[in-house]
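The sequence and structure come first, and the notes follow.

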Amino acid sequence: MISTTDIIGYCQPYEIAAQETTELKLSSNRPKTCSVKVMRIVCADIDPNGPGEEFVEQSWGETQNLAIDKQEINAGSYAIVKPAPELTSVDTISIKMYIWPTKSSTNCQVIFNWGNVSFSIETDGKLAFNFGSESIISPEPLLLREWYEIEGVINFKANNFYLKNRMLNPVVGYLAKSKTTAECTQTFLLTTQHPIIFGAKFKESIHRREFTSHHYNGKVEAPKIFVNKNKKPLVEWDFSKSISKASILDKGYSKFKATFINAPMRGATGYKWDGSVDSWREKPSHYGSVHFHEDDITDCEWQTILKITPPAQARSGYYIARILADGVQSDIPFFITQRLKKSKNKILFLAPTATYKAYANTHVKFDSHNTENLFEAPISFSEDELYLNEHRELGLSHYDTHADDSGVVYVGDRRPMLNNRPGLYTFNYINDTHIIKWLEKKNYGYEVATDEDLNRLGHALLDNYKVVITASHPEYYSTKMWDSLSYYQQNGGRHMYLGGNGFYWRIAYSDQYPGVIEHRRGVSGVRTWEGEPGEHHHSFNGEPGGLWRTYGRAPQSLVGNGFSSTMFVKSTYFRRSKESYGQETDFIFKNINTDIIGDFGFRGGGCVGLEIDRWDQDLGSPHNSIVIATSENIGAGGLLTGEEFITTTRALDGDQNSRVRADMVFFTTPGGGAVWSTGTIAWATSLLWNDTKNSVSEVTQNVLNRFLENKEFGLNE
Amino acid sequence: MLLYDPDGAIYNIDGTRMDLAKEYRDNLRGPFSLELQRVLDKMRTTPLKGRLVLLVIEPFKIFRLARLSGQRGVSPSTVQDVRYYSIAEAEWDIFKRRWLELTGISISVSDPK
């Protein structure tokens, strides 16, 4: 057996242009050397009964005999203050803060650590204040998801120390407050040369990089450190400030910066939150906490093994660094994007890298109770998936919950992403390469750019192209991405949306956390977890998260159709509508002598499948949009998404509910542009059926050929 | 915050309904009668701990039966050395095993030819 996980890695950056450099980071569990080949992906689907995998080996980037070793991942978020204040001689030191623990653990969890002083939650759930080798323990375990004010004081003159804790909302039957004092049996000096850490225990510094352990799950708010009898704190941090930043200065002297590592959640409700607002921008003081998790990771910070610099003539596209070693073949994905570089090609394919990140390393098959029911078949696990389960330090996806059951709101690309590469996980990444292979087989010249480009460069990225193609499932969109695509459409652009459930969730990018996206789930939509009350606004920019639909931008308003249903059991076909025979849309079905389109395909045997979208003028489908085909025979396997029904009813499946359907939509736009939306993920995975000799391919080709013409679209078409 | 209820599936399967077992054997991918759909919904929403799953031994060719640990980070444990050479074979066998576990009655319907 060839292993895909004995060597794993990532490219940083994930998305580069030709002549830029990406750094290959590898970690080996066994081999000591490896070789690297760079390959452009034409089709990443390795299924022998699929459309045929295809890779183009590049003449550049090949390297032999690279030395590799195991590289560690310091997962778990924390805040670090380095340098910390210097204390020479003090009579007393007092440390205060508010905490909201979220997980009991078989490991000790350190909330605060400065040299030989710390607060921790012990394995029995009790709070400890630790000084040197001595500890004071609270009389009762802390209750999870309850706010406590805690204080630890050391009196060096009296040679004693004490721990106070107070429950902010006392519960009958539990100790509301306690104070425990103890003599110091040994003499300790305060060792403050180490950094101050919130959310973990300081372990060591190696090459100026800190390693931590004993990570805490829960919130911390308003930490203050007092010395002697001073009423003014020596140092304090107000986490309700600079919520969008990756670091925060202390409140007093503005000298001691707390830097957030691995993105603990900001914009988190604090002990003052009373439900009067749901956005940190309205009342920052109600959002004074930081939520730490033992399994946060935004950057593995591995050493670079090889620098890869594509030459100027390298084509834009999906790429892998294929790592080969004794018994190992492991693919590390990256993108070469065209960005704003001029091209003779008139087609731009937008690789939905935000969606790839959102799903990266998903653990739902292991952790989510409803996964088998969603897919309606026994769950099977590949080597990559088993590895991900055992190695939680590789980080989670937007579909996962943290170890404390809270949802994952930040995901990044500076880590191995084992399901965004050739393999057995076909959703999104591999399905999208069906479109790439189709473009190549049909000899269309095209370029590739990414979501990150669109977010950074805006509509300028799109303006030079006659046609923009979005992929099988471009689900996660930032405001800038949405506005840019909308601008392109409204100014003569031609957009082909070859997927389903697109433009669904709102995300945010941040220059503070390169390669990371943020998404707050909210309380609607098909979700594997529910957002926490009051925490539905992105910390990166203050915008509300959740569904675009909630904020007046249902996908219908952008592309004519929007998400209606999942249908993972089997796929079906489209029937051409009477309206499609009009002069405006007849070109789409040129030379096609049947009204049934796509009763075949590589996913479930049809072109309507997996996730599907429907037309609805009430939700914003443009007044001039035309439904040119609608699905038939979806059956009981099609299930309506939650936001599509208002009161509970049994009639929610494709046998009973008309909203469980896919509508293919076409409309023209100002400036001679047009939009064609398939509204089904399985469209993309039917293009290559029968070596492209099929109606799905022909329809797509008819649209693309017309979209490439200079002739403007308009009412007199 | 709403969490999953591992014991949320409360439907009771009538273990004597061999007609439902036969219906499933003859048409693994549905559509199903309402009663059989309820049986499948129950089977697919049992607690994660101990749920029967498949491990890919050789992609697209060989699968091995296993049970989820229900604990993050803990691998599934294999069930004896039960191997399948198609997903359809696995689906039918897992159905039979779950029927027995949930009802205490073995399926007397013969395997597909």
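Strands here are DSSP runs of E with at least two residues, and helices are runs of H or I with at least four, both numbered from the N terminus. The model is predicted.

**A:Tyr287**
- A:Tyr287 sits in the chain A loop that joins strand S23 (265–268) to strand S24 (289–292).
- The cut-off for buried is under 20% relative accessible area, and A:Tyr287 has 1%, so A:Tyr287 is buried.
- A polar atom of the A:Tyr287 side chain lies 2.8 Å from the backbone oxygen of A:Gly534.
- The backbone nitrogen of A:Ser279 is 3.3 Å from a polar atom of the A:Tyr287 side chain.

**Helix H11 of chain A**
- Helix H11 (residues 695–708) has 14 residues and spans 20 Å from first to last C-alpha, close to the 20 Å expected at 1.5 Å a residue.
- Of the 14 residues of H11(A), 11 are buried, including A:Val699, A:Arg706 and A:Phe707.
- At the start of H11(A), a side-chain oxygen of A:Asn694 comes within 2.9 Å of the backbone nitrogen of A:Val696.

**Interface of chains A and B**
- Chain A contributes 38 residues to the contact and chain B 34 residues.
- About 3,200 Å² is buried between chain A and chain B, with 56% of it on carbon and sulfur atoms.
- A:His369, A:Glu372 and A:Pro378 supply 23% of the area chain A buries against chain B, more than any other three residues.
- There are 4 salt bridges between chain A and chain B; A:Glu372 and B:Arg98 form a salt bridge at 2.7 Å, N to O.
- The side of chain A that touches chain B has 13 nonpolar, 11 polar and 14 charged residues.

Key
Residues numbered from 1 in each chain as written. Chains lettered and ligands numbered in written order. Predicted model: local features only at pLDDT ≥ 70, side-chain atom pairs only at ≥ 80, totals over all residues. Heavy atoms only, no water. Buried < 20%, exposed > 50% of the residue type's maximum accessible area, 1.4 Å probe, protein only. Polar contact = N/O pair within 3.5 Å; in protein donor to acceptor, adjacent residues only side chain to side chain. Expected span 1.5 Å × (residues − 1). Contact = heavy atoms within 4.5 Å. Buried area = accessible area lost by both parts, 1.4 Å probe. Salt bridge = Lys/Arg side-chain N within 4 Å of Asp/Glu carboxyl O. Nonpolar A, V, L, I, M, F, W, Y, C, P; charged D, E, K, R; others polar.
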